[in-house]
Amino acid sequence: ATLLQADPSTPIESLCLDGTWRAATSGSTFEVHDPATGSVLARVADAGGVDAEAAIEAAASAFPEWSARTAYERAAVLQNAHRLMLERAEDLARLMTSEQGKPLRAARTEVRYAADFMLWFAEEAKRVYGRTIPSARSDQRFIVMEQPVGVVGAITPWNYPISMITRKVAPALAAGCTVVLKPAEQTPLCAIAVFGILAEAGVPAGVANLITASDPKPVGEALLIHRSVAKLTFTGSTEVGKFLAARAADQMKRVSLELGGHAPFIVFPDADPVHAAKGAALVKLLNTGQACISPNRLYVHRSIADEFVDALRRRVESMKAGRGVDDGVSVGPLIDESAFIRMQNQVVDAVGKGATVVTGGNRLTGGGLDGGWFFAPTVVTGVTPEMVMYREETFGPIAPVVTFESEAEVIEMANDTRYGLASYVYTKDLARALRTAEALRFGMVGINDINPTSAAAPFGGMGESGLGREGAQEGIREYLETKLVGLSI
Ligand code: ADP
């Protein structure tokens, strides 16, 4: 709330370097906007490579002391952060809605999800087990140790501006790593709020450093070339993820990547088409479709397609689009104009190739919406593989419907993508559910379930959707190196 009350003409000293809040060395600043209105919310520090280097050096200096603390000590700090996040949940949610646009209810849900990572990894910190391995030699012992990887560079996106930070920073700190985080240029305020909480929770100076910047490249470059950065963890587009992974290979830095998705949503003929349509509408319009787990191809069996599309249309039309702060709104604005142009282009392309817009397809204006990029929740039928939306991530509120005939055919179609993050299946047939779950090449399969995410469950993708997993036991492993000790006795 205090961040929102700040006078936008007085820049926020938003770089958290070695425990001190600072302006950029260059003195540059950039504006943060409310995507629902276009108004300026604040100005923050616009860091460059020099600031990023200072942050990396602070993190490197803080590493020996932080990693030497016991897991119990680190867990206590994360528990404080969990408590503080919950105490400030309403302020954090309002800040998120202002800066990112999502409806308040969704922002509150995200804050709770984000806080969950603090608690989950506080607990996991205590369960970083090594092991002993029997040797074939009687005079030898093998001990396997798990140690923190070192300084972590983290880059996060704007669509989940708090939980994408805690999903990386909490396990990194739990493991004993120190961190330099660069949040998305659209949502620095959420990051500032999280880092304020971390400091208050007792994270020592230099352990968690924040760099806000309007241009990600110089900061990214510093993280890539500095020898002290042992690991890069990134959530964002596949294009940028591939670029970072390729460059990280130069020093063989460790990488974790959560990239794009193109989720299939399969509705088998034995499913209830109305129930499935409800799930499809909810998960499709989650975060206005700006989620990497958003369904991008709705495969519906031909025998129930009409009923499904009708129910989907009714559902989608009943979900109110508007400013996230307003009551009853469940679909917020798109993040910016380029997102709107992508929606428009995908619809024009599909219609030009024979698809039908069942509902939506247009910008929403009037009623106070003119300052933002609001796109009507959209259902498109008759979508074919030649259309852009069938291949490329939509990342917006468009639901493309495709019909199918057989199980084998739909599995083949669903897997025919370079992505492999989330997938969804609706069926009442247990055997088919299991068969399908085994056959889908995706990191996550929701069966009659549109929310297969939790701090306790491994989140991540196959193929070009990324590398590694976040959350769960797997989530802390990403910040550990395995060391073997062979001992002659
Ligand atoms: P989106 O299309 O969702 O904005 P991006 O992959 O462009 O996805 O952005 C995700 C994060 O990656 C943001 O924090 C952004 O600033 C950062 N980013 C974008 N390009 C680069 C780059 N060349 N180097 C480092 N970080 C980058």
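Predicted model: local features only at pLDDT ≥ 70, side-chain atom pairs only at ≥ 80, totals over all residues.
**Exercise 1: The ligand and its surroundings**

Task: Find which residues come nearest to the ligand, and how the shell around the ligand is made up.

Solution: 
- Step 1. Start with the 17 residues around the ligand; Thr-156, Lys-182, Glu-185, Phe-234 and Ser-237 come nearest.
- Step 2. Look at the polar atoms. A backbone N or O atom of Thr-156 sits 2.7 Å from a ligand oxygen. For Glu-185, a side-chain N or O atom is 2.6 Å from an oxygen atom of the ligand. Ser-237 also brings a polar side-chain atom to 2.6 Å from a ligand oxygen.
- Step 3. Check the cover: the ligand taken alone exposes 550 Å², and the protein buries 81% of that.
- Step 4. Sort the shell by type, which gives 9 nonpolar, 5 polar and 3 charged residues. At least two shell residues come from each of α8 (216-225), β10 (229-235) and α9 (238-248).

**Exercise 2: A salt bridge across the sequence**

Task: Work out which parts of the chain the salt bridge between Glu-470 and Lys-168 ties together.

Solution: 
- Step 1. Confirm the pair: the side chains of Glu-470 and Lys-168 meet at 2.8 Å, N to O.
- Step 2. Place each partner. Glu-470 is in the loop between β19 (466-467) and α16 (472-477), while Lys-168 is in helix α6, so the pair ties together parts 302 residues apart in sequence.

**Exercise 3: Partly exposed partners**

Task: Describe the exposure of Asp-416 and of Arg-391, which form a salt bridge.

Solution: 
- Step 1. The closest N and O atoms of Asp-416 and Arg-391 are 3.2 Å apart.
- Step 2. Asp-416 has 39% relative accessibility and counts as partly exposed. Arg-391, at 35%, is partly exposed too.
- Step 3. For context, the count of salt bridges comes to 31.

Conventions: Residues numbered from 1 in each chain as written. Heavy atoms only, no water. Near = heavy atom within 4 Å. Polar contact = N/O pair within 3.5 Å; in protein donor to acceptor, adjacent residues only side chain to side chain. Areas by Shrake-Rupley, 256 points an atom, 1.4 Å probe, with all protein chains shown as cover. Helix = DSSP H or I, 4+ residues; strand = E, 2+ residues; numbered from the N terminus. Nonpolar A, V, L, I, M, F, W, Y, C, P; charged D, E, K, R; others polar. Salt bridge = Lys/Arg side-chain N within 4 Å of Asp/Glu carboxyl O. Buried < 20%, exposed > 50% of the residue type's maximum accessible area, 1.4 Å probe, protein only.
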